[in-house]
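Let's take a walk through this model, one packing site at a time. Keep the structure open as you read.

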Amino acid sequence: MKKKKQFFLIRWLNRLFFPNKEIDDIYTEESLQSPARVVAKNFFSKPLPVVSLVILIIIMLVVFIGPSFVTLDLSEQDSTLVNVAPGYALSKYAPELENGNCQQISVGSNFAVGVDKDGHVYVWGQTKINRATDLAKIPQEVQDAKITMVAAGIDHIVAVDEDSNVYCWGNDRLGQVDLPNALQSNNRRHQFTIEKVYASNQFSAVVTSEHKLLLWGNKNMVDMSYKKDDFDGHVVDVALAVDSYVCLLDDGSVRYTGRSPQSAIANSIPASLDSDVVMIASTSRSALAVKKDGSVHVWGAANKGEARVPQLKSEIVKVEGGRYHYSALLADGSVVSWGNNRYHQTEVPNSLDDAGDCTDVYAGMFQSYAVRENGDVVVWGLKGFLMGTDNLGRDVFTRLINGGKMTMTIGALAVIIETIIGIILGGLAGYFGGHVDNILSRLAEVISGLPFIPLAMILSAVMGSFVTIEQRMYIIMVILGILSWPGIFRLVRAQMFAQREMEYVTAAKTLGVKESRIIFRHIIPNVMSVVLVSVTLAFGTAMLTESSLSYLGFGIPLPTPTWGNMLSNANNSVIIQNYWWNWVFVGTIFGIACICINLIGDGLRDALDPKSSER
């Protein structure tokens, strides 16, 4: 019996790979006209599959070519750009500020505020801080007053009128809008004359005509223990960073006036700034000083390019800082910007340099504004986000494009793996039957019995941090392919049982065609119309499975985006209700892609089926 089984195996291998060469040499297959033209005609005669094909091609071009133009920065995140709604409203300033009517502009996190020469206040951009707070709802007392100065913080606005009354509105959760007692006395009719006003991350400040500094806001954010005895009567200007500040005194020195200098800009003030300083400014983590001789000094955590001051054509007459950049007005009427350029905030329009007619400049966060002699307002920097930002301030459009490439790559390669395995094993099992069929069918049943999601979760937990993100992607592809082939296997096997009894198979056997060619050149092409539909469905299923794993936190880990973990990131009732762009765009394109794949599969099935035209 053992020798008989060995003889059967040898004979099977010989039939499969080593047929009778003499018969094979004299055999020539009949040249048939390719049915590709007929298939194409049938497919393109139906509009729905054609439209689906066009849409899928567009999606694939966008997700595979788009990352070359839309660069993904995995370290990208900014607390000031969290959940910004889609649109380009950040640069659409109030038209009332044109024609020489602009008195001042101040830029907040993702909004800006301006005041015209008649004292009217305008707010634009993404003005809604939360469900209850909208900065565009200017208090009535501010609308009735003649405002002369404004300052925009991260989530609040400060305004000063012609009588030096101070007004605050915006997020009041951490004391940002709670004025100090000194500014509230006598129904706002206090004895101070406000010279300058400032606002930053949850705290604000004013400098009076008596050179006194007043601070208020979140005391947990910044040290507000101002040394009044040492510095009252000497403060000329203030530069507010995200969690600290420095002051310019009347003797030309730059000092930190608090009691606990814990920030970078407070601890590292250059010794050379003990005199002759004429102006100061700050970004989130750095500070800048300009001395009488025109020299520029930058210190603090200037790791975003703030310290790379360009060659200046003339002296600086005014400078302001944004999130990670500075913009300066020069004596010759030109404007220069430097620092981080992620959102084009340092790309000064050429028209400003060529004309040299700027009279003022304002900077903040990721934008800058310049006012020209003719009264025109020019803005550059961040205009907004096409699809908004997520809960970490990351561009949804950028992550959608790059995440689609990851998801579709995993889905496509997993389908290729399972299709190859399924066709080969299904063809062999269905053609030879007997022991071969029994062995392969039992193997398929074992693979089908493995619970994929729990297995993938276990493997993910075991792998942990031992593999890179790229290695994890390949592992997921292989796992998806290896565990998903039984469906195609059964389909091919069933079709092989029917096809192997056909006359053309009998004729090929009679002529001595080797059985590998009979299986893969004669029978498989005749069952591909059914297999192709299954393959297209498997592509969509593989994408969904990968996304399900990422959604559950066991697929491609953050910050690398996939469509699955982007949807997982929106798994929150607050986000679903209030920040719809976090899930609508990715869910829509994912759904469209899967639907198109299925419609294309149905169209190909009908095109490959010679009887479809008779239905």
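Predicted model: local features only at pLDDT ≥ 70, side-chain atom pairs only at ≥ 80, totals over all residues.

Residues are numbered from 1 along each chain as its sequence is written, and side-chain values use heavy atoms, with hydrogens and water left out.

The protein has a mean pLDDT (the predictor's confidence in each residue, from 0 to 100) of 83, and 88% of its residues reach 70 or more. Treat residues 21-33 with care: the pLDDT there is below 50, and beyond near neighbours in sequence the stretch has seven contacts (heavy atoms within 4.5 Å) in the model.

Now for the helices. Helices (H or I, at least four residues) and strands (E, at least two) are DSSP runs, numbered from the N terminus. Axes are lines fitted to C-alpha atoms, for helices over the stretch in contact, with angles from 0 to 180 degrees between N-to-C directions.

Start at H4 (residues 47-65): its axis and that of H9 come within 7 Å and cross at roughly 110 degrees. H4 and H9 are therefore roughly perpendicular to each other; angles under 35 degrees count as roughly parallel, over 145 as roughly antiparallel, 65 to 115 as roughly perpendicular and the rest as oblique. The crossing of H4 past H9 is left-handed, as it is called if the near helix is turned anticlockwise from the far one by less than a right angle. From H4, Leu56, Ile59, Met60, Val62, Val63 and Phe64 meet Ile401, Gly404, Lys405, Met408 and Thr409 in H9. By class that gives eight nonpolar, two polar and one charged (Ala, Val, Leu, Ile, Met, Phe, Trp, Tyr, Cys and Pro count as nonpolar, Asp, Glu, Lys and Arg as charged, and the others, Gly among them, as polar).

Follow H9 (residues 396-432) along to H10 (residues 434-449), where the axes come within 7 Å and cross at roughly 140 degrees. That is why H9 and H10 are oblique to each other. H9 contributes Leu425, Leu428, Ala429 and Phe432 to the contact, and H10 contributes Gly434, Val436, Asp437 and Leu440.

Finally, look at the open sheet of three strands, ordered S13-S14-S15 with antiparallel pairing (two strands pair if DSSP finds at least two bridges between them). Its edge strands are S13 (277-282) and S15 (296-300), each pairing on one side only. S13 and S14 (residues 286-291) share five bridges, and Ala281 stands opposite Leu288 in S14.
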